[in-house]
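Please view the sequence and the model before reading on.

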Amino acid sequence: MRKSVGVGAVVVIAASSTAATTSIGIGLGLMAGVVGLHLPAIMLLAFLPVLGIACGYGRLNRVEPDAGSSYRWVGKALNPWLGFLTGWVNIVTTVVFMAYTTTVTGSALIQLAGQAGLHALPGVALDPDSSLQCTLIGMTVLLAATVVAVRGLDLAARLQKYLLVFEYAVLLAFCGYGLFAGDQPFSLSWYNPFEIPSLSSLAQGMVLAVFCYWGFESVFSVGEEVHDPKDATRGGFLSLLLMLGLFLFAGTAFQRVLPIEELADNGATGLAYFAEKLASQPLAALPLVALTFSAAASLQASVIPTARGAYAMGRDGTLGKVWTRLHPRHRTPSTGTWLITGIALALAALSLVIPTVTELISATVNAIGIVVALYYALVAIASAVRFRHLLRENLAEGLKAVVAPLLGGVVLLLVGGYLAWTFYDSADHFELSAANGWFELSVPVLMIGSGLAAGAWSRWGRRSAYFTGATDRAPAADPAAGATGSAAS
């Protein structure tokens, strides 16, 4: 693959992957229903372990930039089975995310049509909470986004840059106005995590908030395509800090404008409702346009790292060679990109058993959040194990590469484990409903279980050399660690 992008492009890719406008537009309402008037507190609290995880990602990328990123790093530092599982759930969770974001994109477009006066097509009344209508429309957007992704990172980044500028300008303008125009009394307790109602609310709120930050690590999957691997690390950290600022700003603004009941009740249409409280049409439609752009950009930004993760696994023989086919002109993993899109489209069709968009989002976000917490923790442990020598040789670097990731990983494991137990304990039977704890728990269990089965086939069916270490490639030197540290790593 070509080295075609720099730090600016990777910031754009990471920011599009985290999709701040989408997270704010649909995530804040979901979180408000869990943590009440403590949206800024939960976003700030979740940022701390994610920052520790990012330190681990950054150090690992410095010594071994790889399209497989966490799949390679965990497999080498801990165990090939855990590495394969990390790569597998990375792919699966992103495909699931793409499936539900397809529906979110369709919902935003239908809402926009309604505000433009188009409420029905011949024989069909348009409903922004209809999973069927939203999914069909969103599928068209996903196909268009995939065409751009196949053309190359540079083109995708240029397109996403303009979308991000518009999104953030609209967000900052409306949220800034909401801070002063809102009539809900401001309180410093909004930033106090100790006032969150219960331990269960804290755990679920943390998982939802970590999900909002999820995606910053996408820059590390393009580490082989940036001019300097350090650019990927810089891009990841810059995007995280940008997300933190936007989430705190928007969370405060939402709570200044909307009473908690209205914020929680509007769920997937929270941003549109917020805008209607502040402005009349056509200005009130601007945040909805921004949400549509964000959802579409995140679809494109999601398929890019996922195809590259599958490319790395195919290169090692843990997946089929079909995933390694590069476009003859653009040198992108085009076959894998289209396969990922096809699987996401099929999954979006299957998700139609959940009737409303709000229920679909709730079930998907909780499931992905638990799995993301697990593989973030595995990367953190891999960083701690691989760079443990730095605690003796360079304490400052050891704190960043060992202690910070390990603390972040432990927090996420505890939170994810507690939430999984809460889901298990909340029901006594299984049913296809987003409110059923056993159903919500079955999704991450299925993701992990399918990974173990695929790993077994790769190990004994494909006889992949990855499981014996024969595919290892020499890492780059780590100048910050010194000569001794580089050799030890």
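Is Y466 buried or exposed? With a relative accessible area of 5%, Y466 is buried, where buried means under 20% relative accessible area, exposed over 50% and partly exposed in between, for a 1.4 Å probe and protein chains only. This is a predicted model, in which local features need pLDDT of at least 70, side-chain atom pairs count only at pLDDT 80 or more, and totals for chains, interfaces and linings use all residues. Residues are numbered from 1 along each chain as its sequence is written, and side-chain values use heavy atoms, with hydrogens and water left out.

A search of the whole structure finds 23 aromatic pairs; rings of Phe, Tyr and Trp (its six-membered ring) pair if their centres lie within 6.5 Å, and planes under 30 degrees apart count as stacked, over 60 as edge-to-face and the rest as tilted. Two of the pairs are listed here.

| Pair | Centre to centre | Angle between planes | Class |
|---|---|---|---|
| Y57 and F216 | 5.7 Å | 75° | edge-to-face |
| Y466 and F467 | 5.4 Å | 85° | edge-to-face |

Y57 is buried, at a relative accessible area of 1%, and F216 is buried as well, at 0%. F467 is also buried, with a relative accessible area of 10%, and together with Y71, W81, F84, W88, W460 and Y466 it forms one aromatic cluster.

Charged groups also meet rings: a charge sits over a ring if NZ of Lys or CZ of Arg is within 6 Å of the ring centre and within 35 degrees of the ring normal. R59 lies over the face of F387, 5.7 Å from the ring centre, while the charged end of K161 sits over the ring of Y162, at 5.1 Å from its centre.
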